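Trainee: I would like to go through the terms used for this model and see what backs each of them. Where should we begin?

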Amino acid sequence: MTCYDRSDLGLLLLRLGTGGVLAAHGTQKLFGWFGGGGLEGTAAAMEAMGYKPGKASAAAAGLAEAGGGTLLALGLATPAAGAAAAGAMVGAAAVNLPQGFFAMEGGYEYAASLALAAAGLAVAGPGRLSLDHALRHAVNRGWMVPVAFGVTAAATLAVVGARNKRVRRAAEGEQETLFDE
């Protein structure tokens, strides 16, 4: 019989808390639960933030958050789940970056905290109180961590980079004329 230690309990609590928040956040986007905008409302918001096409962006963010959060809470496919959730939160943080760090000022504090918690779980693993452990880590191998983060980092850089380029171009087009002709 295996005896669980406090790190297993700590990882379970961290997984349940972080995964639960991410799953709820994602279902707001996908289904409009918990006062969210659903796919249509989130698509419009994503377009306004510079993520285009809005509907595909909303679906991708919602799936990464809801799916990644649910899998983190269960402790299943932990490297992929944590990396996907972290990537989605980096995309959210990019929107809030100009407002500074603190959330009360519209900053990226909340998104960064969720991203770091999800990434930390992906690296640390789910602990023994998890489906990954019950399934003998079939979808939680050491090599999966760098692969999951590599794929997620490439996708996140491409998406956030394209968004930032669109936002920068829009801002340049909105500048007033400096000199009359």
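Mentor: With aromatic rings: two rings of Phe, Tyr or Trp, the last by its six-membered ring, pair if their centres lie within 6.5 Å. In this structure, which is a predicted model, Phe31, Trp33 and Phe34 form one aromatic cluster. The structure holds four aromatic pairs.

Trainee: Why is the pair of Trp33 and Phe34 called edge-to-face?

Mentor: Planes over 60 degrees apart count as edge-to-face. The planes of Trp33 and Phe34 stand at 85 degrees, with the ring centres 6.5 Å apart, so the pair is edge-to-face.

Trainee: What makes Thr27 buried?

Mentor: Its relative accessible area is 9%, so Thr27 is buried, the limit being under 20%. Thr27 is found in helix 1. Not counting residues up to four places away in sequence, Thr27 touches Gly32, Trp33, Phe34 and Ala66.

Trainee: Which other residues of helix 1 are buried, and what do they pack against?

Mentor: Besides Thr27, the buried residues of helix 1 include Asp8, Leu11, Arg15, Leu22 and Leu30. The buried residues of helix 1 pack against helix 2 (38-49), helix 3 (54-74), helix 4 (78-96) and helix 5 (109-124).

Trainee: How do you know that the length of helix 1 agrees with its number of residues?

Mentor: Helix 1 covers residues 6-31, which is 26 residues. The expected span is 1.5 Å times one less than the number of residues, so helix 1 should span 38 Å. Its end C-alpha atoms are 36 Å apart, which agrees. Just after helix 1, Gly32 takes a positive phi of about 75 degrees.

Trainee: Why is helix 1 called roughly perpendicular to helix 2?

Mentor: The axes of helix 1 and helix 2 come within 4 Å and cross at roughly 95 degrees. That makes helix 1 roughly perpendicular to helix 2, because angles of 65 to 115 degrees count as such. At this contact, Gln28, Lys29, Leu30 and Phe31 in helix 1 meet Gly38, Leu39 and Thr42 in helix 2. By class, the contact has three nonpolar, three polar and one charged residues.

Trainee: What does the chain hold in total?

Mentor: There are seven helices and zero strands. Buried residues make up 38% of the 181 residues in the chain. The C-alpha atoms fill a box of roughly 85 × 35 × 30 Å, taken along the principal axes. Of the contacts with a separation of 6 or more, 67% are between residues 24 or more positions apart.

Definitions and conventions. Residues numbered from 1 in each chain as written. Predicted model: local features only at pLDDT ≥ 70, side-chain atom pairs only at ≥ 80, totals over all residues. Heavy atoms only, no water. Helix = DSSP H or I, 4+ residues; strand = E, 2+ residues; numbered from the N terminus. Buried < 20%, exposed > 50% of the residue type's maximum accessible area, 1.4 Å probe, protein only. Contact = heavy atoms within 4.5 Å. Axes fitted to C-alpha atoms, helices over the stretch in contact; angles between N-to-C directions. Parallel < 35°, antiparallel > 145°, perpendicular 65-115°, else oblique. Nonpolar A, V, L, I, M, F, W, Y, C, P; charged D, E, K, R; others polar. Phe/Tyr/Trp six-rings, centres within 6.5 Å; stacked < 30°, edge-to-face > 60°.
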